[in-house]
Amino acid sequence: EVDITALITGLGIGGLAIALAAQDTLANLIGSFIIYLDKPFQVGELVELGEVKGTVEKIGFRTTRIRTLDRSLLIVPNKKIIDSNLNNITQSSQRRVRFEIGLTYQSEPQNILGIIEDVKKAILAERPLTDDDLTVRFSEFDTSSLTLIIIYYVNSNEYDIMIDVKERINLKIIEIVHQHHCQFAYPSQTIFIEKN
């Protein structure tokens, strides 16, 4: 004797599992068509997808293969690619450099202003490799430092050019901070002991 209710329930659960698997496969297939038609990137281009940055090696029907900067192979479902923010670095004309430096609390306001002006000059001295659009500002009173934010653009999407410009500017920033009699901060605490 066959339990009809159990059979129908079993078929229902099996059918649901097949439908869910088909839905995922269909979403990835639609994703591959969107990638093919929209062409947000091509094989060989450097892309950034969330926290991942790498070179597209293969675009398949279900997945896209990305070789990350640390040389590992990342296989991303096409559905995830079309649902995420994607930055195609190869198609960019510039690279943005953003970082912060911390100065000790003993730094004098006029020295900080001098550092800001000289860092701007150091960035602009790299023209035409750097853009006129830049930011160098005193931004925060951090727990152990006075924080300067530095943002500028390198007029190339090539990593090697960007890192060369960044290195020259970074070395110049070290000189500038010392010339203005300031020091870089590191996480620290000062304890004051009161004598009776």
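The model is predicted: local features need pLDDT of at least 70, side-chain atom pairs count only at pLDDT 80 or more, and totals for chains, interfaces and linings use all residues. Residues are numbered from 1 along each chain as its sequence is written, and side-chain values use heavy atoms, without hydrogens and water.

**Sheet**
- Five strands form an open sheet in the order 4-3-2-1-5, with antiparallel pairing; strands (E, at least two residues) and helices (H or I, at least four) are DSSP runs numbered from the N terminus, and two strands pair if DSSP finds at least two bridges between them.
- Strand 4 (73-77) and strand 5 (86-88) are the edge strands, each pairing on one side only.
- Strand 2 (residues 52-59) pairs with strand 3 (residues 63-68) in the antiparallel sense over five bridges.
- Gly-54 has Thr-68 in strand 3 as its bridge partner.

**Backbone features**
- Most residues other than glycine have a negative phi, and most peptide bonds are trans.
- The peptide bond from Arg-127 to Pro-128 is cis, with omega near 10 degrees; Pro-128 lies in the loop between helix 3 (109-124) and strand 7.

**Exposure**
- Arg-71 is exposed at 64% relative accessible area, where exposed means over 50%, buried under 20% and partly exposed in between (1.4 Å probe, protein chains only).
- His-181 is exposed, at 71%.
- Phe-141, in strand 7 (residues 135-141), counts as exposed because its relative accessibility is 62%.
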